[in-house]
Amino acid sequence: MIHLTRQGFEFDNQLVAPGEIVEILVDAEIPKSRMIFIRVDDDLTDLKPARQMMDMLRRAGYTRPMLATARHAESVATGK
């Protein structure tokens, strides 16, 4: 899961440059048809970086990017 914090984007709990995320997904062999969640911290009000990430993912062929809050991300991860 991709996580947008005030510090930037995280993947696997490590800060990464936005341009690296597509390469990370490709290297991890994440299917392009899979839903890619972008977890956005609840206190963020500017969603422009998240929207730009969604566009980047779509251009790379990932057809199902989705923004999620911490609460939604937790329920998806645990199957609730």
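Strands are DSSP runs of type E of at least two residues, and helices are runs of type H or I of at least four residues, both numbered from the N terminus. Two strands are taken to pair if DSSP finds at least two bridges between them. The structure is a predicted model, in which local features need pLDDT of at least 70, side-chain atom pairs count only at pLDDT 80 or more, and totals for chains, interfaces and linings use all residues. Residues are numbered from 1 along each chain as its sequence is written, and side-chain values use heavy atoms, with hydrogens and water left out.

An open sheet with mixed pairing is formed by five strands, arranged in the order β3-β2-β1-β4-β5. Strands β3 (14-16) and β5 (65-68) stand at the edges and have a single partner strand each, so one side of each is left without a neighbour in the sheet. On average, neighbouring strands of this sheet are turned by 35 degrees against each other, direction ignored; axes are lines fitted to C-alpha atoms, for helices over the stretch in contact, and angles run from 0 to 180 degrees between N-to-C directions.

Strand β1 (residues 2-5) pairs with β2 in the antiparallel sense through four bridges. The two strands β1 and β2 form a hairpin with two residues between them, and T5 has G8 in β2 as its bridge partner.

Strand β2 (residues 8-11) is also joined to β3, by three bridges, and these strands run antiparallel.
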